Amino acid sequence: MRIYACADYRAMSRRAASLIAAQVLLKPDCVLGLATGSTPVGLYRQLAEWHQQGDLSFAGVRSVNLDEYLGLAPDHEQSYRRFMQVNLFDHIDIRPEHTHVLNGLAPDPQAECAAYDQLIRELGGVDLQLLGMGHNGHIAFNEPGDDFGLETHVVRLSERTIDANQRFFASRDEVPRQALSMGIKSILHARRILVVVSGADKAEAVRRAFAGPVTDQVPASVLQLHPDVTLVGDEAALSELKEAGGSLCG
Ligand code: F6R
């Protein structure tokens, strides 16, 4: 695993964006696995900026997103589809039909999940999967205790995740209780994985994920088993990992 320690959120975003840009330059028709949440916002802004400067084209790129709330329409203000439009897709030249986000209103959620796994296979698999990480070590919506052997599936959000996500909704009651999410098995299938973390509040989760045992109690710890993982974080998020002896690239 490669670990990049960056001075702050801005530097972290730039570093992570450069790794994604390199993937796109090397393979213009690559499949990018994308994430939502606060952490990737800065790196998406950086990618959009490089595109607007004429340095980077997404015209051949296909994307698959990790997850979506169950019960939210694609144009709902808090849907992950809308997040992707607002934070990235509307600012780059990716073709709309090349962007894939699970449909939170699918009449048959299980069938939606199975069709998504099939789609990923038809696309040839994910070349580079971007991940954020929850405070409890969740990746996508794979919560502590969830089965590592699952592909895309319907999940029930943990209380901690509902708490963390309520900042985006008018009240806690409005946070959906279920989501559609790629599973750990789907994530591990990606050829390369890029994890972004920021802030002191993630430091404990980062240490537990990357310097602790591989356990389903910390879903991100499974990434230790993947052959090509890059972790990019700011100093605050990496502080406990450093103390635990994690070796950094720069
Ligand atoms: C988002 C996702 C989540 C987030 C995680 C961290 O698609 O799957 O697992 O990556 O909750 O979120 P932030 O970046 O807001 O701390």
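Which residues of helix 2 are buried? Select V41, G42, L43, Y44, Q46, L47, A48, W50 and H51. Buried here means under 20% relative accessible area, with exposed over 50% and partly exposed in between, using a 1.4 Å probe and protein chains only.

Before going on, note the ground rules. This is a predicted model, in which local features need pLDDT of at least 70 and side-chain atom pairs count only at pLDDT 80 or more, while totals for chains, interfaces and linings use all residues. Residues are numbered from 1 along each chain as its sequence is written, and side-chain values use heavy atoms, with hydrogens and water left out.

**Stop 1: helix 2**

Select residues 41-52. Helices (H or I, at least four residues) and strands (E, at least two) are DSSP runs, numbered from the N terminus. Nine of the 12 residues of helix 2 are buried, so the helix is largely enclosed by the rest of the structure. Now show what covers those buried residues: helix 1 (9-26), strand 2 (31-34), helix 3 (80-87), strand 6 (128-131) and strand 9 (192-197) are included.

Check the length next. The expected span is 1.5 Å times one less than the number of residues. For helix 2 that gives 16 Å, and the end C-alpha atoms are 16 Å apart, which agrees. Then step to G54, which follows helix 2 and has a positive phi, near 90 degrees.

**Stop 2: the annotated site**

Select D67, N136, H138 and E143, which an unreviewed UniProt entry lists for "active site". UniProt positions are given in the numbering used here, feature names are shortened, and annotations may be inferred rather than shown by experiment. D67, N136 and H138 from this set are in the lining of the largest pocket. A pocket is an open set of points on a 1 Å grid over the protein atoms alone, where a 1.4 Å probe fits, with protein on both sides within 12 Å along at least five of seven lines; lining residues have an atom within 4 Å of a point.

Zoom to D67, in strand 4 (residues 67-69). D67 is buried, at 5% relative accessible area. Beyond neighbours within four places in sequence, its contacts (heavy atoms within 4.5 Å) include T36, Y80 and F141.

Move to E143, in the loop between strand 6 and strand 7 (153-156). E143 is buried too, at 4% relative accessibility. Which side chain does E143 join by a polar contact of 2.9 Å? That of N136. A polar contact is a pair of N or O atoms within 3.5 Å; within protein, one must be able to donate a hydrogen and the other to accept it, and residues adjacent in sequence count only if both atoms are side-chain atoms.
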